[in-house]
Amino acid sequence: MATPIKFGTSGWRSIVADEFTIANIRRAVAGIAAYVKTQPEPHRVLVGRDPRFLGESFVDEAARILAAAGVTPIVIPEAAPTPAIAYAVQQLKTSGSINFTASHNPPEYNGIKFSTHDGAPALPEVTKQIEAAIVALGENPQIPRLNDPEAKFETADVKPAYTARIAELVDLKAIAASGIKVVFDPFWGAGRGYSCHILRNAGVIVETVHDYRDVLFGGHAPEPDDHLLSDAKTRMHEKGANLIIATDGDADRFGIVDSNSTFIQPNYIIALLFDYLVETRSWKNGVAKSVATTNLINALADYHKVPLYETPVGFKYIGELILQDKIAIGGEESAGLTIRGHVPEKDGIIAGLLVAEMVARRGKTITQQLEELFDKVGSFYPVRENFHLTPEAKAKFTEKLKVDPTELGGRKVTSVVRTDGLKLVLDDGSWVCYRLSGTEPVVRAYTESRDQSHMSDLSAAAKEFVLS
């Protein structure tokens, strides 16, 4: 039986040489080509990658499948950030892009992200058509490919236009004038040569770590999370830097460390940047957040009197609101955000640079700014936990999710939200959101309390609901 190829919240991902094989790549690309051929001409698709193992070979194979299907491939020769590819789709007016990346997943994984002609991640109605086209190929299909070993494909350098656009959206002069020092950690990923070069060209002092290709990403996932930022923190101390900005494997996610070595969770960064953009750009568009993202953003939307959009998990939904110019900023607690006038895709590069601008112009640490934000709209303490279940326990919990609970840990449930998963809002304003993984027996529990002293009790109640 051929492996089912399913596109999740960020494309199709699997382990290389297990399900992510040349045969399955051919099937996936053939399905994408079939979809593209249903769209208006000219049928041209960008093909890019992050720095993972065999990425160049996968790009070449995809180009050959596209060419044989009557779709013109435009190859990006160097590893490129997902947001830079998204911007190139818009600028070159292609039918979309195929990006070989597994983002922040461990090095044994790879994947395919397909973006449509607007540079946004493909919506479910598109990926369903692609999946149907793959199924229609049948078992063991003979997929046409361009076999000429001397074949030359059109190429594109996506970096210059993207970095020029970032320079228009971020006040780089203010960062340079402030004299702050920045440490940049690209995690051996596609962000290498982007954030650091943009800042240096503006006259900012930047130190880098992990600024070379390593297809094993140091032996762990290329995820800019606190427990993996020790090398950057060491460099910060050595150089007396004010800020660490980091990006993941394809540079669509960000990680931020304050001058006191405190990792600032993405929930707070999104809220701070929302408040900052309203203050400095005078944008009165709305704000978008996924259902699992902090309600600090809800409070700020009320404070600034702008519309709030709460979406399912998956940045494609936020991307649609960016394209419609309904929001000033949109973000997910998993470290993805973008802003008005930019790509409808997560961008870890612009996130980090906007934080640098915010620190530079306000003249305060992130910690100080967060305290002031809490003084303005109240305190919020979000946490995310993963619970690994046996297949039997997952099946049992799946049934439990179908019922609306009336209480959790002895607290009354005042409302039930089913935008994505099950979100229970309690009588004190705290909440828990449960989402089942679509690929493994894991349930993700997102909790948030208005009182830090209540977090352990809320977390315990959330866990008991899963495991009881």
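This section describes the cores, the strand pairing and selected residues of a predicted model.

Local features were taken only at pLDDT of at least 70, and side-chain atom pairs only at pLDDT 80 or more, whereas totals for chains, interfaces and linings use all residues. Residues are numbered from 1 along each chain as its sequence is written, and side-chain values use heavy atoms, with hydrogens and water left out.

Nonpolar cores were considered first. A nonpolar core is a set of buried Ala, Val, Leu, Ile, Met, Phe, Trp, Tyr and Cys residues joined through side-chain atoms within 4.5 Å. Buried means under 20% relative accessible area, exposed over 50%, and partly exposed in between (1.4 Å probe, protein chains only). The largest nonpolar core holds 93 residues. Ile 175, Leu 199, Leu 296, Val 355, Ile 366 and Tyr 434 touch the most other members. Another core lies apart from it and has 33 residues, including Phe 7, Ala 33, Val 59 and Ile 112.

Cysteines were examined next. Cys 196 has 0% relative accessibility and so counts as buried. Cys 433 is likewise buried, with a relative accessible area of 0%. A disulfide is a covalent bond between the sulfur atoms of two cysteines. It was assigned to cysteine sulfur pairs within 2.5 Å. The count by this rule is 0 disulfides.

Helices (H or I, at least four residues) and strands (E, at least two) are DSSP runs, numbered from the N terminus. Two strands pair if DSSP finds at least two bridges between them. Strand E14 (residues 327-332) runs antiparallel to E15, and 4 bridges join them. Within this pair, Gly 330 stands opposite Thr 338 in E15. Contact here means heavy atoms within 4.5 Å.

Two hairpins involve strand E18. Strand E17 (residues 407-408) is joined to E18 (residues 411-417) by 2 bridges, and the two run antiparallel. Leu 408 stands opposite Arg 411 in E18. There are 2 residues between these strands, and Gly 409 takes a positive phi near 60°. E18 also runs antiparallel to strand E19 (residues 422-426), with 4 bridges joining them. Val 417 stands opposite Lys 423 in E19. This hairpin has 4 residues between its strands, and Gly 421 in the turn has a positive phi of about 75°.

Arg 64 lies in helix H2 (residues 55-68). Arg 64 is buried because its relative accessible area is 7%. Its side chain reaches the backbone oxygen of Leu 146 at 2.8 Å and that of Asp 148 at 2.8 Å. Beyond four places in sequence, the contacts of Arg 64 also include Arg 145, Asn 147, Pro 149, Ala 151 and Phe 153.

Lys 284 lies in the loop between helix H9 (266-281) and strand E12 (286-290). Its relative accessibility is 52%, so Lys 284 counts as exposed. The Lys 284 side chain reaches the backbone oxygen of His 304 at 3.2 Å. Not counting residues up to four places away, Lys 284 also touches Val 278, Val 306 and Pro 307. The C-alpha atoms of Lys 284 and Ile 327 are separated by 8.2 Å, at 43 residues apart along the chain.

Backbone geometry was inspected last. Most residues other than glycine have a negative phi, and most peptide bonds are trans. The peptide bond from Glu 41 to Pro 42 is cis, with omega near 0°. Pro 42 sits in the loop between helix H1 (22-36) and strand E2 (44-49). Ser 103 has a positive phi, near 55°, and is buried at 0% relative accessible area. Phe 217 has a positive phi near 50° and is also buried, at 0% relative accessibility.

Key:
A polar contact is a pair of N or O atoms within 3.5 Å; within protein, one must be able to donate a hydrogen and the other to accept it, and residues adjacent in sequence count only if both atoms are side-chain atoms.
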